[in-house]
Amino acid sequence: MREEKSTMRVLVVEDERRLAAGLRSGLEAEGFAVDVALDGTDGLWMAREFPYDVIVLDIMLPGVDGYEICATLRAERVWTPILMLTAKEGEWDEVEGLDNGADDYLTKPFSYAVLVARLRALLRRGAKPRPAILEAGDLRLDPAARRAWRGGVEIELTPRELALLEFLLRRRGEVVAKREILAHVWDYDFEGDPNIVEVYVRHLRNKLDRPFGRAAIETVRGAGYRLAANGG
């Protein structure tokens, strides 16, 4: 049975006029309402000003490139799902796009059926906050750059400490059990001492809390740990 056609609004930011026209007609045939921007400057303005459900964004654009558009929107807390569409090949281009806040990536030439399926998948997820920088008060973490700060002070953390902080920040304000931390920061096959979690929580407290007179990471007796949503 054929899936019902969407009536969602899409912004296509693509400077190749023939491809942009093809995307418009193809997506409109699938029931999408489509606006097109032919350069990055117009694309960024339209993405800021209008409530799109999803954005198809080329990387190599005149004016403002796709990476900058994506990073700017995320920094301004515009969470519209973004699918990056580009002729550039190579894993580092994909990494840069995703690290700047894109949700998916498709390389030209592409299948329209695959493009539409990916857009529908993004629409199902919706425009939920997906910040590239995780924050709780003045505590910040950039997972891609593997850097953390308390206020304006950068804190040097080991890879495992960074992984634990990222998990706690993504679940900030929630109580997480020791077994959840082990499963996500270590793995399900970890056979060492479960008290390793306490050791690393202590490391984070010694680096992120005590030197600054904070108490961000709370122990919830009998339940686990909680990172205060306000960063302590």
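Start by selecting helix H6, residues 159–170, which lies across strands S6, S7 (139–142) and S8 and runs at about 115° to S7. Helices (H or I, at least four residues) and strands (E, at least two) are DSSP runs, numbered from the N terminus. Lying across rests on contact, meaning heavy atoms within 4.5 Å. For the angle, axes are lines fitted to C-alpha atoms, for helices over the stretch in contact, and angles run from 0 to 180 degrees between N-to-C directions.

Before you go on, a word about the model. This is a predicted model, in which local features need pLDDT of at least 70 and side-chain atom pairs count only at pLDDT 80 or more, while totals for chains, interfaces and linings use all residues. Residues are numbered from 1 along each chain as its sequence is written, and side-chain values use heavy atoms, with hydrogens and water left out.

Now show the open sheet of four strands, in the order S6-S7-S8-S9, with antiparallel pairing. Two strands pair if DSSP finds at least two bridges between them. At the edges you will find S6 (134–136) and S9 (153–155); each has a single partner strand, so one side of each is left without a neighbour in the sheet. From one strand to the next, the twist averages 20°.

Zoom in on S8, residues 147–150, which is joined to S9 by three bridges and runs antiparallel to that strand. Pick Trp 149 and look across to S9, where Glu 154 stands opposite.

**Over to strand S1**

Next, select S1, residues 9–13.

Which residues stand opposite Leu 11? In S2 it is Asp 35, and in S3 the bridge partner is Ile 55. S1 runs parallel to S2 (residues 33–37), with five bridges joining them. S1 also pairs in the parallel sense with S3 (residues 54–58), over four bridges.

**A stop at Glu 14**

Finally, click on Glu 14, in the loop between S1 and H1. Is Glu 14 buried or exposed? Glu 14 is buried, with a relative accessible area of 1%. The residues that Glu 14 touches, not counting those up to four places away in sequence, include Leu 19, Ala 37, Asp 58 and Lys 108. With Lys 108, Glu 14 makes a side chain to side chain polar contact at 3.0 Å. A polar contact is a pair of N or O atoms within 3.5 Å; within protein, one must be able to donate a hydrogen and the other to accept it, and residues adjacent in sequence count only if both atoms are side-chain atoms.

Technical notes: Buried < 20%, exposed > 50% of the residue type's maximum accessible area, 1.4 Å probe, protein only.
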